[in-house]
Amino acid sequence: MKKLVVIFPGVGYGFKHPLLYYADLLYEAKGYERKYMRYQDICMDTKLTLEEKKVKVREYVFEQANGIDFKEYEEVIFLSKSIGTAESGALAEKAGIKVTQIFLTPIERAIPYIKGGSNVVIGTGDEAYSVYKKHCEEHNIQVLYIEDGDHSLEVQGEPYKNIDILKQVMQFVDEKSDLVALD
């Protein structure tokens, strides 16, 4: 069975940060082919306005995805962090593919893409917490709430607690990789 995970980073939260780094190792160990969406340079370009960045990032994600034949995989997971949550949702919608979505600390622009069958991880200390708590409850979306976790799913000044949080998130991610992709 061919399996694929596509990883969408945040602006300041890249592939070498703990949540994405260990998830990548987890998927590698489970035999997934792994693809990485790269758009952080666009996000950091000070010559572009915020709107220009949004447009260029979206275009670049679609361009990178053109090289992936999603139909050749029996299982596809999109794992996304922050800005990547809006991009993974938009790509799944545009491509019209069955995908298991795992949204880590989604941003507000991702709300239209977070539907039944989605999986969300958000900290209770994240600025967007109340918006997502309400949305996920209303749409029966599976959520892992990280008590006092900020947008990086960390509790400042608590390194041992952060290690426990990382383990908790990885267990949640691992559970989702055992599911059949949902509509």
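I took helices (H or I, at least four residues) and strands (E, at least two) as DSSP runs, numbered from the N terminus. On that basis I read the pattern of the protein chain along the sequence as β-α-β-α-α-β-α-β-β-α-β-α. I counted 6 helices and 6 strands in the protein chain.

**Basis of the entries**

The model is predicted, and I kept local features at pLDDT of at least 70 and side-chain atom pairs only at pLDDT 80 or more, while totals for chains, interfaces and linings use all residues. Residues are numbered from 1 along each chain as its sequence is written, and side-chain values use heavy atoms, with hydrogens and water left out.

**The sheet**

I looked up the strand order and found an open sheet of 6 strands, β2-β1-β3-β4-β5-β6, with parallel pairing. The edge strands, each pairing on one side only, are β2 (33–36) and β6 (142–146). Two strands were taken to pair if DSSP finds at least two bridges between them. Direction ignored, neighbouring strands of this sheet are turned by 15° against each other on average.

Opposite Lys81 I found Leu104 in β4.

**Helices on the sheet**

For contact I used heavy atoms within 4.5 Å. Axes are lines fitted to C-alpha atoms, for helices over the stretch in contact, and angles run from 0 to 180 degrees between N-to-C directions. Helix α4 (residues 83–95) lies across β1 (3–8), β3 and β4, and runs at about 150° to β3. Helix α6 (residues 159–176) packs on the sheet and touches β3, β4, β5 (119–123) and β6, its direction making about 170° with that of β6.

**Two positive phi values**

I noted Thr105, which is not a glycine, with a positive phi near 45°. Thr105 sits in the loop between β4 and β5. Leu153, also not a glycine, has a positive phi of about 60° and lies in the loop between β6 and α6.

Are these residues buried or exposed? Buried means under 20% relative accessible area, exposed over 50%, partly exposed in between (1.4 Å probe, protein chains only). Thr105 is buried at 0%, and Leu153 is buried at 2%.

**The whole chain**

I found that 49% of the 183 residues of the protein chain count as buried. Of contacts between residues at least 6 apart in sequence, 60% join residues at least 24 apart. The C-alpha trace spans about 45 × 40 × 35 Å along its principal axes.
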